[in-house]
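Notebook open, viewer loaded. I'm jotting down what I look up as I go.

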Amino acid sequence: MNLIWKLLKQHVSIFELGVFFVANLIGLAIILCGIQLYSDIKPLLVGENSLIGSDYMIITRPVERFGQEPLRFSGEDIEELHEQAFIADVGAFVSSEYEVYGGVVFSGQRLSTMMFFESVPDAFVDVESRAWRYEIGDKVIPIIIPRNYLNLYNFGFSSTQGLPQITEDMIKRIELDIELSGNGLEEHFRGSVVGFSDRLNTILVPMSFMNWANERYADGSDAESSRLILEVADPASPELATFLRERGYVAEEQPAESSKAMYLLKVAIAIIVVIGVVFSILSIIILTLSIYLLLQKNIDKLENLMLIGYTPRQVASPYVRLTIALNTAIMLLGIGLAAIAQQLYMDHLSLLAAGDLPCSPIAAIVAGVVVAGATALFNIAIIRRKIGQISRKR
Amino acid sequence: MKEIRLSNVVPEIFAERDDLRSGVWCGDVCFERGKSYLIEAASGTGKSSLCSYLYGQRGDYRGSILFDGVDISKFNTEEWCRVRRDSIAILFQDLRLFGELTAIENVEIKNRMTHCRTHAEIETWFEELGITDKRDVRIDRMSYGQQQRVALIRALCQPFDFLLLDEPISHLDDQNSDIMRDIILREVAKNGAAVIATSIGKSMNINYDKRLKL
């Protein structure tokens with residue numbers, strides 16, 4: 001048997017270590033269950049792509065009766081939105097104030113339709129493209145269309161009508177014939193689709209083009225906007241929901257119910273995790289005291305070992321190993337308990353979900369490694385510090 | 001390490017005394033490798049303090065102690081560990097053995113770190129010193145004289161340039177004291193090392209190169 005360990009295991013209190021083990025295991029298991037539960041429920045409440053899309057929301061003022069002019073946002077309204085802490089940025093949609101005809105030549109036939117353009121400040125556009133710029137005099141207008149349009153055609157229309165499916169690249173190669181008219185002018189441009197947006201459900205052109213065209217084909221009066229795009233830190237935040245409701249603003253495609261559920265979920269999980277953290281902290285305090293007591297009781301042996309030439313690191317190593325073993329065991333058991341709990345609640349959750357839910361305790365494993373690792377490092381630092389103090393005692 | 005030099009060294013508690021008559025304190029003393037020194041002292045003159053200073057246990061002195069010209073007050077923990085493993089072996093007055101371990105384990109705990117001696121060498125010393133039968137007995141069940149012999153064996157389980165012996169034979173009879181001396185002189189000669197022994201009366205029968213009065 002290792003002689004150092006034989007010497008230094010004196011005064012190791014099985015009872016104190018046992019209390020630490022149980023308390024820390026309970027704490028860790030609660031933390032891991034909470035985190036795992038959160039990561040399992042979150043995708044049920046928030047749609048796909050929410051990580052990208054959820055930071056932005058589009059608001060309007062509702063149309064209340066047929067034929068009503070849409071209500072617009074005044075400069076003060078926008079100013080007020082800017083001032084809210086939970087809103088990071090506000091962008092206004094600018095619509096075309098002139099007539100737009102779009103046409104395409106398709107197997108010798110010219111198809112043409114009335115359409116409209118809108119613009120938002122570039123910061124809100126989720127398409128990265130070098131083609132997305134317009135300078136006055138350019139004959140080509142870059143256009144971004146919603147990816148939905150393409151999906152609608154490919155999956156809704158073409159497949160049922162026996163038409164070929166088209167890819168994004170194919171659309172980008174099509175040259176559109178754009179006719180703008182207003183203010184007694186009628187001019188032709190070419191249009192080119194440069195990208196597809198998941199965020200903006202409209203036909204977008206660059207703001208620079210829009211400003212120039214509104215000036216040229218309309219009176220250029222600074223029209224107020226009927227739609228705004230907001231960048232928000234947390235679309236599920238209750239302050240935001242309350243604010244929008246009080247002002248009578250309506251968020252497009254805002255999952256109101258799920259955001260409330262999401263909020264309640266966050267609160268519930270936070271409470272669970274806090275309880276787990278309290279348990280863990282108490283258990284770490286117990287272990288810390290126990291280590292101090294242990295080192296204090298063995299101080300003569302530690303001192304003598306260093307006097308016969310052992311380094312502080314060598315002397316600390318039995319305790320360091322003990323700590324690592326304890327924390328590893330706690331980590332494995334904690335992750336195991338979280339995985340068992342996951343199996344139990346997943347049976348209920350899967351009733352809510354349409355398909356099979358992925359059931360892997362990844363979140364618990366990652367959190368377990370992080371928490372147990374941090375605990376072990378903290379313990380090791382305490383041991384090294386205390387032994388360092390003993391070695392310098394002269 | 002070739003030499004240990006004490007320059008104007010005095011324990012802090014003696015620093016204000018003006019009646020100090022000492023061959024070591026407040027003087028310039030040099031211990032050289034290959035020689036043997038006896039430091040004779042009355043109790044309370046700081047004999048164990050001197051050993052503690054030389055071994056880096058304590059630093060409550062004035063003046064400077066130099067190992068090969070380097071001031072030891074600058075040594076960090078790592079450097080002291082190296083000195084204690086490779087340069088200075090010590091037989092503590094209070095032995096500092098581990099009561100929970102057996103005689104052989106007390107020796108092994110050092111030798112496993114230095115890998116300096118073979119099992120056969122260690123067994124031979126046990127035999128020569130007449131404690132083979134105590135080999136597997138816990139230290140705290142042994143007499144002080146027996147413990148002293150175990151502590152010597154442990155001290156020899158490392159390479160050294162200086163062997164510090166703090167009252168090495170205080171609890172030994174003359175016969176055992178001579179056996180110990182023979183082993184020490186043999187190992188010191190093999191290492192080309194120096195012996196620095198202290199005594200408050202009884203001292204090992206060696207032809208010391210220098211005797212100092214503390």
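Which residues have the most contacts inside the largest nonpolar core? I get B:Phe162, B:Leu163 and B:Leu164, in a core of 62 residues. Helix H5 of chain B (residues 144–156) gives the most to this core, with six residues. A second, separate core has 36 residues, including A:Ile31 and A:Phe279.

My terms: a nonpolar core is a set of buried Ala, Val, Leu, Ile, Met, Phe, Trp, Tyr and Cys residues joined through C-beta atoms within 7 Å. Buried means 20 or more other C-beta atoms within 10 Å of the residue's own, with C-beta atoms placed from the backbone. Helices (H or I, at least four residues) and strands (E, at least two) are DSSP runs, numbered from the N terminus.

Housekeeping: this is a predicted model, where local features need pLDDT of at least 70, side-chain atom pairs count only at pLDDT 80 or more, and totals for chains, interfaces and linings use all residues. Residues are numbered from 1 along each chain as its sequence is written, while chains are lettered from A and ligands numbered from 1 in the order in which they are written.

Next I checked the sheet in chain B. Five strands form an open sheet, ordered E6-E7-E8-E3-E9, with parallel pairing; strands pair if DSSP finds at least two bridges between them. E6 (88–91) and E9 (210–213) of chain B are the edge strands. Four bridges join E3 (residues 36–40) of chain B to E9(B), and B:Ile39 has B:Leu212 as its bridge partner there.

Last, confidence: chain A has a mean pLDDT (the predictor's confidence in each residue, from 0 to 100) of 84.

Technical notes. Buried ≥ 20, exposed ≤ 12 C-beta atoms within 10 Å, placed from the backbone.
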